[in-house]
Amino acid sequence: MFNMKKVFSRTAMILAATVALAACGDENDAEVTNTSAQKNSSEPIVVYSSLNEDAMTRIEESFEKTTGIEMDYLLFNSAGEASSRVQAEGKSPQADVLIGGSVEFYEPLAETELLAQYASPNAKDLDPMFLNVDNYFQGWYTGVLAYVLNNERFAETVGAKGVQEPTTWEDITDPAYKDELILPNPATVGSGYIYTATQIFRKGEDEAFKYFEQTAANAHHFTASGGDSINLVSTGEFTIGLHWAHDIIKAAEKGYPIKAIIPEENAIEIGGSAILAGTDQMDESQQFIDWLLSVEGQELIRNETARYSVRDDIAPPAGVPAFSELKLIDYNRVKATEMKEDILSRFTPLTTK
Amino acid sequence: MKENMLQFKKKLRNEPLLMVLVFTLLTIMTFLIIYPIARVVMETNGEIFSQLWTNVRWRNSLVNTVFITILSTLSSTIVAFIFAYTIARLDVPCKGLFRIVTLLPIVSPPFIVALSYILLFGRQGIITNHLLGIPLDIYGWTGLWAVQTISFFPYAYAVIYGVVKAASIQMEYAAYNLGATKWQVFTDVFLKLCRPGIAGGALVVAMSILADFGNPMIIGGNFSVLSTEAYAQMTGWFDIPAAAMLATTMLVPALSLFLINRLWVGKRSYVTVTGKDSSLQPYPIAAWVKWLLFSFCMFVSVVVVLVYGTLVYGAFTTTWGYDWSLTLDNMVYVVGKQQEITNSIVYAVCAAVGAALLSVLVAYLVQRKQFGLNKWMDFLAVLPGAIPGVFLSLGFAFAFGGDMFSLTGTSLIIILALMIWNLPTCYSANAAALQQIGPSIEEASTNLGATGIQTYFKVLLPLVRTSFISSMVLAFLRSVTCLSVVIFIYSLKTSVGTITIIGLLSNGQWGAASAVTITLIGIAISVLLLTKLAFRLGGKTFEI
């Protein structure tokens, strides 16, 4: 037959040589990658996104079809993760555009000059509340907070105690919700912080913290990611959670026995989009932003993700009231950002009981 | 010290080529191991460290991490030992099943276990709620404990089994003949011989648990640990000093564990290789003990099989956890994520080959050549075993993501990180194998006129073949299923399967996540089986 030892030692030698070569080769690759990081226009634009896979696939498809410009995307689990990545890459970004997540995440990026200014012609019809005064970023969708309620589990647990479905923020302080409620951790989840700030704007800080102590007593735990609230309520592990109405509606479409309940005195997130300052495909990136704000892009985001359009001429998503009918509080975004650190250090002990 | 200097000078004069190799290796290893660690530590400052105890959440995370690491390590090691003992020593049926059960968690991303676990044992759990009718609250340390035990005991098993198998049966017979009771033989002879294996296994598990952050994220509830907190600081707040501080804090228990292990096992040799295979049958033990151990293994096996069965089933159902009708819809995501899956495999192969080759070379130099810096090289080769994956990832992001040595977005940065992460696994296996080979064989080779390089390739490598291949395959499997090391250094073109899975999970696409997971598991098992087959055809075999 053949000499196993010989075969083995030869293989090992070849492997060793390959690795040595590969190591050198990779260094060259690295250089090549670095130079090719200065992309030419034939390369696809790269989008960092914190939307989900399904939505991004559709956006890619439609955008490429309409404009003929190719795009690639990298998904992040949260807006925080995506903006961290942009900050980490600094002046030489590996992407051209950042989309998704609340505009609060875009403010610090604009301040550190990581975003490029752009006034899209399609932005002129929008309510100024959706736009950044210096044109560093533009809101391109909006969404409202909602309870996610599992109908089946509610009937077995809270409903069985004679309690009606919740309609106000106060309703979840009812002891009947003890350990049936999960809330997003405001320290790590965008919706969690907007919900927390909403209560402070609504009631004043001290009253709000009395409220937080009551809800924390009912909360089984605080989830590290926003999606968890929906996932765990969907599978019936818990009765009620809190997140964005649009995400709840999309989960309900998959067949879970859940629904979104939108309380009054609510607040919205404005989903951001921005061109990164280091891009070398400014023209294509601008076309992408234009497309996002166009009727086509706006209808797509509404249909695919159940988010509200920022344009007046687009109907609301199915199953929710019109944007103008929402009962919103006066949510001060600047103040919300300023007080964040203090509020969170006061809130955090509640999340570790 | 003086002796080291003398050795060093002598070598430099007599074998300059060897010394060039030694220096190159030391420089590369220092650069890839010490430099990233230093970068993370440098990001911290005294002020942020003082907050570790005043910030309630961080203090709890520290206490929780120590608590769950000790608890899960103990349980994993005990389960691993019982499996190793049962498989190696007892004459019981179903050993094939037991072996598979010790393999499944190794070939799958660890955090995925938590998902099935919720479905089976959660508040709506198929087993706890529908079958047994007991509402169980698994969110928090209890659920985490159970999930980590199932996810990580196989890592300890891999180490302990080897030692149990090698422990000399003759010695036990000798003890019996000298009048020892069964219990005395077990504790005074058998356990003592297995001590390095158990300690080594426990160390591997403790490190994995310390660094684990997928499971705490999914099932931990309010039970926060350092790894999840570091991740939250990094991604939620971009608070680099805080993230670096929390990561550095993880390094302290990790390094202590590592030192304790070294001191406890010490330098004593426990190996009882006689060169002859023992034909002795293990001394029989009481039937009730045997069947008790068997039942225990059976129970764990059933849980593991259920967990993975659920995963496979979930991958083909319409709505995970609610609507169990069958569908192939989730496979769309597998097709759409080809690049990520391919990346997983390519990176794992490169990292595994690199780690195995480097480890054999280092083991050879450390053991066979006295160049005065042996201890330093040995230390460098085992040190990454004490670095939690998240820390390593953060270190590589800082060290090679900046302006000085920019590898951002390249495949190389991921391959190097995975290679370093796997180096200790490969090194300990190959160093142990090398230790059992007398230097006389190489002397013979040298006397017959072979050069050092010829001796290395033609004599040494073939002799450590088994451990070389085993450690390479293990490194491959660890890399394919690794999330923590990649988490801060992946990019558009270099994303991997585990990143895809965690993304799908956080979007609530649990069915799609299962589909990608079982694809990865399928690939890992195929590689394992193919390698086994290839070596069986060559008349050789290896253990994993």
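How many salt bridges does a search of the whole structure find over all chains? In this predicted model, the search returns 21 of them, and several can be followed residue by residue once the contact between the two chains has been described.

The size of an interface is often given as the accessible area lost when the parts come together. Here chain A and chain B bury about 5300 Å² between them, with 59% of that area on carbon and sulfur atoms, and the contact draws on 64 residues from chain A and 60 residues from chain B. Between chain A and chain B there are 19 residue pairs in polar contact, both partners being at pLDDT 80 or more. On the side of chain A that touches chain B, the elements that each supply at least two residues include helix H1 (4–36), helix H2 (53–67), strand E2 (71–75) and helix H13 (340–347) of chain A. H1(A) provides the largest share of that side, 14 residues, and the residues of the side as a whole divide into 24 nonpolar, 22 polar and 18 charged. Three salt bridges are counted between chain A and chain B; one of the salt bridges in the model joins the side chains of Lys337(B) and Glu53(A), at 3.0 Å from N to O.

Side chains of opposite charge can pair when their charged atoms come close. Glu265(A) forms a salt bridge with Arg202(A), with the closest N and O atoms 3.1 Å apart, and this pair links distant parts of the chain, since Glu265(A) lies in the loop between strand E9 (258–261) and strand E10 (268–276) while Arg202(A) lies in helix H6 (residues 190–203), 63 residues apart. Glu265(A) is partly exposed, at a relative accessible area of 37%, whereas Arg202(A), at 18%, counts as buried because its value falls under the 20% limit. Both residues belong to a network of salt bridges that also links Glu170(A) and Lys203(A).

Helix H7 of chain A takes part in two further pairings. Asp206(A), which is exposed at 52%, meets Arg346(A) in a salt bridge of 3.4 Å; Arg346(A) is in helix H13 and Asp206(A) in helix H7 (residues 205–218), so that pair spans 140 residues. Glu207(A) and Lys210(A), by contrast, both lie in helix H7, three residues apart, about one turn of the helix, and their closest N and O atoms are 3.2 Å apart.

Which residues touch the most other members of the largest nonpolar core? Of its 255 residues, they are Phe288(A), Phe83(B) and Phe396(B), and helix H16 (residues 338–368) of chain B gives the most to this core, with 17 residues. Beyond its neighbours within four places in sequence, Phe288(A) is in contact with residues including Ile45(A), Phe63(A), Met71(A) and Ile99(A).

Two buried residues of chain B complete the tour. Gln148(B), in helix H8 (residues 141–166) of chain B, counts as buried at 1% relative accessibility, and its side chain is joined to that of Ser72(B) by a polar contact of 3.0 Å. Thr77(B), in helix H4 (residues 56–89) of chain B, is also buried, at 10%, and, leaving aside neighbours within four places in sequence, is in contact with Ile160(B), Ile198(B) and Ala202(B).

Conventions: Residues are numbered from 1 along each chain as its sequence is written. Chains are lettered from A and ligands numbered from 1 in the order in which they are written. This is a predicted model: local features need pLDDT of at least 70, side-chain atom pairs count only at pLDDT 80 or more; totals for chains, interfaces and linings use all residues. Side-chain values use heavy atoms; hydrogens and water are left out. Contact means heavy atoms within 4.5 Å. Buried area is the accessible area (1.4 Å probe) that two parts lose on being put together, summed over both. A salt bridge is a side-chain nitrogen of Lys or Arg within 4 Å of a carboxyl oxygen of Asp or Glu. A polar contact is a pair of N or O atoms within 3.5 Å; within protein, one must be able to donate a hydrogen and the other to accept it, and residues adjacent in sequence count only if both atoms are side-chain atoms. Helices (H or I, at least four residues) and strands (E, at least two) are DSSP runs, numbered from the N terminus. Ala, Val, Leu, Ile, Met, Phe, Trp, Tyr, Cys and Pro count as nonpolar, Asp, Glu, Lys and Arg as charged, and the others, Gly among them, as polar. Buried means under 20% relative accessible area, exposed over 50%, partly exposed in between (1.4 Å probe, protein chains only). A nonpolar core is a set of buried Ala, Val, Leu, Ile, Met, Phe, Trp, Tyr and Cys residues joined through side-chain atoms within 4.5 Å.
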